[in-house]
Amino acid sequence: MTLISLFRGAVAIAKHKISEFFLYIGGLTSLLAKTLLYMFAPPIRKWQILEQMQRIGVASFPIVLLISLFTGIVMALQGAYQMQKMSAEMYIASLVALSLTRELGPVLTALIVAGRCGAAITAELGTMRVTEQIEALETLSANPVQYLVVPRFFALIIMLPLLTICADFFGMVGGYLIGVGKLSITHSVYMKMTLDPLAVKDVVTGLIKSVSFAVVICTIACYEGLNSEGGAEGVGMATTSSVVRSFILIIVADCFFTALFYFIR
Amino acid sequence: MIEITNLHKAFGENQVLEALDLTINTGESMVIIGRSGCGKSVLLKHIIGLMRPDEGSVLVDGTDITLVSPKELDSIRMNFGMLFQGAALFDSLSVFENVGFRLMEYTDMPLKDIQKRVDECLEMVGLRGIRYMKPAELSGGMKKRVGLARAISMFPKIILFDEPTTGVDPIMGDIINDLIRTLHNKLKTTSITVTHDMKSAYKIADRIAMLYDKKIIAIGTPDEIKNSKDPVVQQFINGDAEGPITDQLGIKKGAGLRNSV
């Protein structure tokens, strides 16, 4: 009897969680569809887009620079640990360049931006929701998606790929500093081993990933913010949820695109 | 004219409004009174289309706003102004941008004219020289008055006030009451105010409607409400701790005190 009631309870919880999951996915899809629709509806709020580009892109630049530089350094050092045994240090340059452009540059940058800007977007929109500012916008005949989400969407899909290019570059600079400064690889060899294996496709696939990550970050952060409830505690929970769910979906999207590019190469 | 017919609204298991009927005439100042949490703000949000009813209709000048498309609703809302309980000013915008929001978004007015209109609106609510301040720099009373200036910036036909005197001191509360009455007379608008502050209700209202137990139980002029024979109305307007409202809720006088000792 107890086992049966336990089983029933577990089934009920599972049903509830599954329906919650599909409602969440439905909500995200609906918000994304509205955002894409309003992207092309006038007026285009260029000043708001520029402001968001400054907040999301320019303000994130220092931290992206630091993290990518140190990632390049760490990768070169870890690579050297193994490759020195085979006297193959010069391949460190290729390892750093390919790993960064195809994988680490886009993913690391997206995680930084999700943590830094995604959280800020959710907190800002969440506060607006719980202080009735979103409702005030609606009473003033302004559409919250068009007014609040679209400028952030534009800013993210422009700035995240740009930040990714910066991350790729500074990561390679980090690798170069170790390769040339510590492992005594000559400048010309390091440059040749960096540029030779690097194809345009590698950079482009990384940038396609970063655009998809921008869509993920913006949709989740705005959805969580616009649906916050329950005062300061609710905004805090929405912000945490926004960052965690963005991280998970970024990794899932990365896995999807890596597999896709592997099979269609 | 605003006609609300057979309005039902529930949040999950909690039925907030049930078969509610209310008619608000053009040009009148209607005050809806009722206990905190009885659904006054929910009713107000139905009138401006921020919430959709489970059943029933809300007719604004003959158009049922529960059936219109979002675009049509936006154009109907251009006739409305609303003052929120916490003012709901946009934090990231200055006072000027808040008050001039609609003028900048929906008109081709030159900036100079917008500035003039914003100054006029601020003057009407008794504020001067705060155009470039941010909402965070304003006191509660100033925020409410800026909210009021924003609500009237586009000459609305209908203004909604959600608890206009809550959270401000009694003097500022009275100033806001005077302002609402003066603006109502001056702009010839239809005003709908929800409040539990009886002093405010008597001062603002042409007619008062009492919301209790999910529907309107009494409606009349301030004098008619004052002289109502309904014990529920009498308990509420006199603010008595004992009476049918507290009996129904099972609240005994001093119960909380005894529990805490």
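I count two strands as paired if DSSP finds at least two bridges between them. Helices (H or I, at least four residues) and strands (E, at least two) are DSSP runs, numbered from the N terminus.

Ground rules. This is a predicted model, where local features need pLDDT of at least 70, side-chain atom pairs count only at pLDDT 80 or more, and totals for chains, interfaces and linings use all residues. Residues are numbered from 1 along each chain as its sequence is written, while chains are lettered from A and ligands numbered from 1 in the order in which they are written.

**Entry 1, the sheet in chain B.** I looked up the strand order and got S6-S7-S8-S3-S9-S10, six strands of chain B in an open sheet with mixed pairing. S6 (80-83) and S10 (215-220) of chain B are the edges, each pairing on one side only. On average, neighbouring strands are turned by 15 degrees against each other, direction ignored. For angles I use axes fitted as lines to C-alpha atoms, for helices over the stretch in contact, and the values run from 0 to 180 degrees between N-to-C directions.

I then checked S3 (residues 29-33) against S9 (residues 207-212) in chain B: they pair in the parallel sense over four bridges. B:Val31 stands opposite B:Ile208 of S9(B).

**Entry 2, helices on the sheet.** Contact here means that two residues have C-beta atoms, placed from the backbone, within 7 Å. H6(B) packs on the sheet, touching S6 and S7 (158-162) of chain B, and its direction makes about 175 degrees with that of S6(B). H10 (residues 231-238) of chain B lies across S3, S9 and S10 of chain B, at about 105 degrees to S9(B).

I compared spans, taking the expected one as 1.5 Å times one less than the number of residues. The 14 residues of H5 (residues 111-124) of chain B should span 20 Å, and the end C-alpha atoms are 20 Å apart, which agrees.

Which residues of H5(B) are buried? I call a residue buried with 20 or more other C-beta atoms within 10 Å of its own, exposed with 12 or fewer, and partly exposed in between, C-beta atoms being placed from the backbone. The buried ones in H5(B) are B:Val118, B:Cys121 and B:Leu122. Down the axis of H5(B) they fall within an arc of 100 degrees, so they line one face of the helix; the arc is that of the directions from the helix axis to the C-beta atoms. They pack against H3 (95-99) and H6 (140-152) of chain B. On the other side of H5(B), B:Lys112, B:Lys116 and B:Glu123 are exposed. Just after H5(B), B:Gly126 has a positive phi of about 75 degrees.

Chain A has nine helices and zero strands. Of its 265 residues, 40% count as buried. The C-alpha trace spans about 65 × 60 × 35 Å along its principal axes.

Most residues other than glycine have a negative phi, and most peptide bonds are trans. The bond from A:Pro42 to A:Pro43 is cis, with omega near 0 degrees; A:Pro43 is in the loop between H1 (2-39) and H2 (46-58) of chain A. A:Ser87 has a positive phi, near 55 degrees, and is exposed, with 7 other C-beta atoms within 10 Å. B:Phe155, in the loop between H6 and S7 of chain B, has a positive phi of about 50 degrees.

I found 10 residues of chain A in contact with 15 residues of chain B.
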